[in-house]
Amino acid sequence: MDTKIYPDSGVELKGFVSKHYDAVMNVGTLGMYTGFIKRAVYDLGIRPDDRILDLGCGTGRNAQLMSGYLNQKGRITGLDISKHMERQFLRHFRDDKRVEFINQRIDLPFNLKKTYDKVFISFVIHGFPHDVRYTVLKNAYDHLKQAGSFFILDYAEFDMEKMPAFPRSIFKLIECRYAFDFIKRDWKEILKSHGFETVREYFYLKRYVRLLHAEKRG
Ligand SMILES: C[S@@+](CC[C@H](N)C(=O)[O-])C[C@H]1O[C@@H](n2cnc3c(N)ncnc32)[C@H](O)[C@@H]1O
């Protein structure tokens, strides 16, 4: 897709960044990304035969880590809209039939006609207008089994003006106005009002990043 769905969004990646996303993240985080993402995926508590839906799956870097916890019954479905991401994702899983990619917008209602043990969304939801985020939550809810787990890995709630000057200037430079809105909201309350119960939260990278683990109420 050449034109953006939400012109102000920072998660609809194009050009160089989408072609070299993993390398950009490694360099941009001064090498911290690799260790951090391994810890976050570990914290998902993946069981060997889990079926996992990855919303806005990107290059498949997270799916690769997740697939390491799965046996032959486990499955991962990655959804994304970027051709560059699709190419990289499929390259990672050429010989792994447990993992599939679907070109699917997650900001519109969709129905994959199956349900999952876990739905995961990593650094995508902050980049949508707030009303659109509710559609994403509904998609996650509808695709979860009863008592299944929904994980949001994204920015934590924090006051941008209280950040030290250097990280604040980087955050302001790389992020979009939707992200500035995202960090101000009470996500545990929002999840509650969409039928989820927050089970746990895990913090990383000086508590600027959080993994929210919510459960679909039984
Ligand atoms: C910042 S990247 C994060 C990728 C991956 N989740 C990760 O953590 O490495 C955002 C991803 O969301 C995808 N994306 C953006 N808008 C989308 C939409 N409306 N539907 C599906 N995917 C979308 C982009 O193509 C990109 O791969």
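Select Tyr208 to begin: at 23% relative accessibility, this residue is partly exposed, a class that lies between buried (under 20% relative accessible area) and exposed (over 50%), computed with a 1.4 Å probe on protein chains only. The model is predicted, so local features need pLDDT of at least 70 and side-chain atom pairs count only at pLDDT 80 or more, while totals for chains, interfaces and linings use all residues. Residues are numbered from 1 along each chain as its sequence is written, and side-chain values use heavy atoms, with hydrogens and water left out.

**The aromatic rings**

The structure holds 14 aromatic pairs; rings of Phe, Tyr and Trp (its six-membered ring) pair if their centres lie within 6.5 Å, and planes under 30 degrees apart count as stacked, over 60 as edge-to-face and the rest as tilted. How are the rings of Phe158 and Tyr208 arranged? Their centres are 4.9 Å apart and their planes stand at 75 degrees, so the pair is edge-to-face. Phe158 belongs to the loop between β5 (144–155) and α7 (165–174), and Tyr208 to the loop between β6 (196–204) and β7 (209–216), so the pair ties together parts that are 50 residues apart in sequence. Here helices (H or I, at least four residues) and strands (E, at least two) are DSSP runs, numbered from the N terminus.

Now extend the selection to the cluster linked by ring pairs: Tyr33, Phe36, Phe123, Tyr155, Phe158, Phe171, Phe180, Tyr204 and Tyr208.

**The sheet**

Display the strands. Seven of them form an open sheet with mixed pairing, in the order β3-β2-β1-β4-β5-β7-β6; two strands pair if DSSP finds at least two bridges between them. At the edges stand β3 (99–103) and β6, each with a single partner strand, so one side of each is left without a neighbour in the sheet.

Strands of a sheet pair through backbone hydrogen bonds, either parallel or antiparallel.

**The hairpin**

Move to β6 and β7, which run antiparallel and are joined by eight bridges. Glu201 stands opposite Leu212 in β7. These two strands form a hairpin with four residues between them, and Leu205 in the turn has a positive phi of about 45 degrees.
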